[in-house]
Amino acid sequence: MHLPWTRIVPCFIASPRSSPQTSSDVPRIAPAVHPLANHTVDIFQDSESAGESEDDEWGMVDRMRLWRHDALMQHLYETASFWGDKILSWTSDPNDAFWLAQTYFMIHQYSRAERLLTRPFPVVVPNGKGKEIEAQAGSVPRLPMGPAGLVKLPEELHPSVSRLVDMSVACRYLAAQCQVRQGNWSDALEMLGEANPFRHSERSGAAVPNVDGGIKVEASMCHLRGILMLKLNRGEQAKLCFMEALTLDVKLIGGEMMTPDEGGLSQPSMTVLLEWEFVQGLAYKQQAPDDADFIQLIHEEEHALTRQRLVEDYRLSDNPDVLSSFADALYTQRRWADCYVITTRILELVTFHDATLPLHIACMYHLSHLRSKLFVLAHELVDKEPENPISWYAVGVWYLSADKWSQARQYFSKTSLMDPRFAPAWIAFAHTFAMEGEHDHAVTAYSTCARMFLGSSHLPLLFIGMEQIMLSNHQLADEALHAARAVCDSDPLLINELGVMAFTHGEYVLIVTQVTELLNPPQSYQKAVQLFERSLELAQVTQSSERSWTATYLNLGTCFRKLKAYEKAKENYQRVLEIEPQHRQGLGFLGMVYHFQDEVDKAIVKYHEALSVDPINNHIIELLNLALESNITCGSWEKVYPGGEEAFRGMMASLKSKFTKKGDEARQGDGNRSEEAMNVG
């Protein structure tokens with residue numbers, strides 16, 4: 001969309017300076033330039049040098065501009081808006097209008113600021129010093145006002161007036177920011193344009209540095225355009241806008257930018273390789289020749305060597321953002337304790353750090369001994385920052401740790417309403433359904449999260465695959481898990497789930513061929529073994545509980561059992577029992593291995609131990625009967641069970657009737673995603 005910017009001036013917006021401190025008997029002197037056009041801001045208000053000319057005295061307007069600036073610097077926004085309004089009424093100067101609009105923006109009066117920026121102003125502005133402006137104030141043409149203060153323009157005045165947004169790019173950008181704050185995203189996008197209107201101009205481009213060495217307004221507009229595209233669910237266009245913004249000015253840093261950051265999930269999609277190539281190809285030397293190396297390191301801080309250079313060469317070892325990058329890398333490796341140490345240090349330096357708090361809260365969830373501290377932290381955050389969505393996210397995580405799914409879901413929903421782009425709340429919201437056994441609802445929630453944060457993390461896709469496995473939708477599970485692996489191939493949980501699918505495909509071969517045993521077992525079992533072993537290898541560097549990986553050991557043992565490698569299967573089942581001695585499936589499967597090896601006595605012992613944990617497991621009961629029948633052929637029932645066959649049958653019948661009701665009740669309430677969610681046995 002082409003913007004009707006017929007009167008684009010280079011930059012008439014002046015930067016404020018601090019007020020000089022002079023004695024009462026020395027007149028204040030106006031420099032040759034506008035008194036607010038000095039970029040040197042002296043926040044301590046030191047006296048100016050005595051060498052200024054005394055030819056020109058400041059008038060009332062100049063002094064009022066000084067008051068306005070001092071009020072802004074001292075956060076007296078009501079005072080600044082009061083004097084700014086009076087100045088504008090006298091001068092009709094676009095500079096004064098811009099600073100008044102900035103003041104309105106700071107006090108959240110966005111509609112008032114937008115109205116000021118989009119109303120007509122006289123093109124001819126009084127020229128002269130402060131006293132001359134005062135003398136000319138009565139001669140400034142006034143625009144007739146209609147009902148409700150709306151400007152009515154006669155046709156004869158059309159050539160002599162213009163809106164600020166048509167005279168200045170900075171004013172147009174500020175007006176779009178006001179519309180964004182009011183939630184008028186379509187209007188803001190129309191104000192900025194669907195595409196960058198300066199894209200093919202001579203003064204635009206990656207190799208063109210900013211004149212004053214600052215950040216280009218053109219790049220800021222592209223960044224804001226990208227945010228609006230996200231608001232309007234146009235993710236691919238948002239990605240292009242962010243890439244264009246960063247190409248135009250490498251000094252742009254933001255949570256929505258297409259650059260590696262502290263681990264947020266709010267970025268549109270780019271593969272790791274494409275992202276790396278894009279960041280490497282930015283025009284650092286052309287845009288910031290003196291600071292190019294440092295800026296490039298900032299954009300690449302997700303890499304370990306880059307972080308090391310930031311610490312050693314630039315002494316940023318205690319910088320919260322750099323530390324947060326370290327913490328994110330540790331969290332990705334599931335090193336919860338190490339990550340928690342760093343996030344604790346960050347929160348000692350700064351009370352509230354948006355990139356760090358989600359990691360800090362997640363570590364407290366994973367480390368069970370920190371649950372009480374999580375409770376205290378959630379209360380403190382709600383008391384201090386009730387308007388921040390992270391505060392309510394912490395409350396939801398605490399309820400999640402207490403297995404109170406419904407209450408947790410309420411707070412995660414509240415967090416998502418406060419900030420729809422806060423990805424951890426969406427994932428946790430979906431977790432509550434998964435843990436309740438509501439797999440269809442969980443898939444829907446995870447899919448929403450994956451669609452909103454496409455490509456920024458593998459976790460939503462991983463969880464979709466896990467839920468599809470639970471629902472036996474194997475084709476959809478395959479698609480989700482392989483898409484997750486394209487984003488991250490070093491997550492041990494993801495590799496475990498891929499092993500589950502490989503095993504499932506091997507089982508499918510056996511079913512389709514209708515053969516119970518193949519001379520050459522399906523290659524899927526061999527692939528599953530490789531994946532499970534890779535998962536356990538990656539898990540060695542994590543700091544999660546060993547119990548988290550009992551399912552993977554169990555899966556690996558089952559694959560070896562299918563491949564008739566009984567000794568290796570036995571080793572893995574025994575490893576499961578070392579971690580969790582009362583693991584019912586580990587006991588049952590170890591009994592099966594003994595049974596296959598004709599060690600029937602040991603098999604019977606393990607079956608009995610499994611039934612002591614799960615008395616109504618029909619599969620184990622059937623296997624125990626088979627073992628007893630095979631053993632009875634080698635001796636009498638008296639050797640197998642005291643009282644003989646009749647006593648054993650009676651005992652089994654009583655156990656079955658006794659625990660049937662109790663087992664049914666337990667299963668009705670068991671919606672937890674336990675290790676069976678990953679078991680392939």
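F433 is buried, with a relative accessible area of 15%; the value is under 20%, so the residue meets the criterion for burial. The model is a predicted one.

F433 pairs with F429 in an edge-to-face arrangement, with 5.3 Å from centre to centre and 85° between the planes. Helix 21 (residues 423–435) holds both F429 and F433. The two are four residues apart in that helix, about one turn.

Y573 and F589 make a tilted aromatic pair, with their centres 5.6 Å apart and an angle of 45° between the planes.

## The cluster around W392

Five aromatic residues, F375, W392, W398, Y399 and Y411, are joined into a cluster by ring pairs. W392, one of these residues, has the charged end of K414 over its ring, at 3.5 Å from the ring centre.

## Aromatic pairs overall

Across the whole structure, the search finds 17 aromatic pairs. Among them are the edge-to-face pair of F429 and F433 and the tilted pair of Y573 and F589.

How values were computed. Residues are numbered from 1 along each chain as its sequence is written. This is a predicted model: local features need pLDDT of at least 70, side-chain atom pairs count only at pLDDT 80 or more; totals for chains, interfaces and linings use all residues. Side-chain values use heavy atoms; hydrogens and water are left out. Rings of Phe, Tyr and Trp (its six-membered ring) pair if their centres lie within 6.5 Å; planes under 30 degrees apart count as stacked, over 60 as edge-to-face and the rest as tilted. Buried means under 20% relative accessible area, exposed over 50%, partly exposed in between (1.4 Å probe, protein chains only). A charge sits over a ring if NZ of Lys or CZ of Arg is within 6 Å of the ring centre and within 35 degrees of the ring normal.
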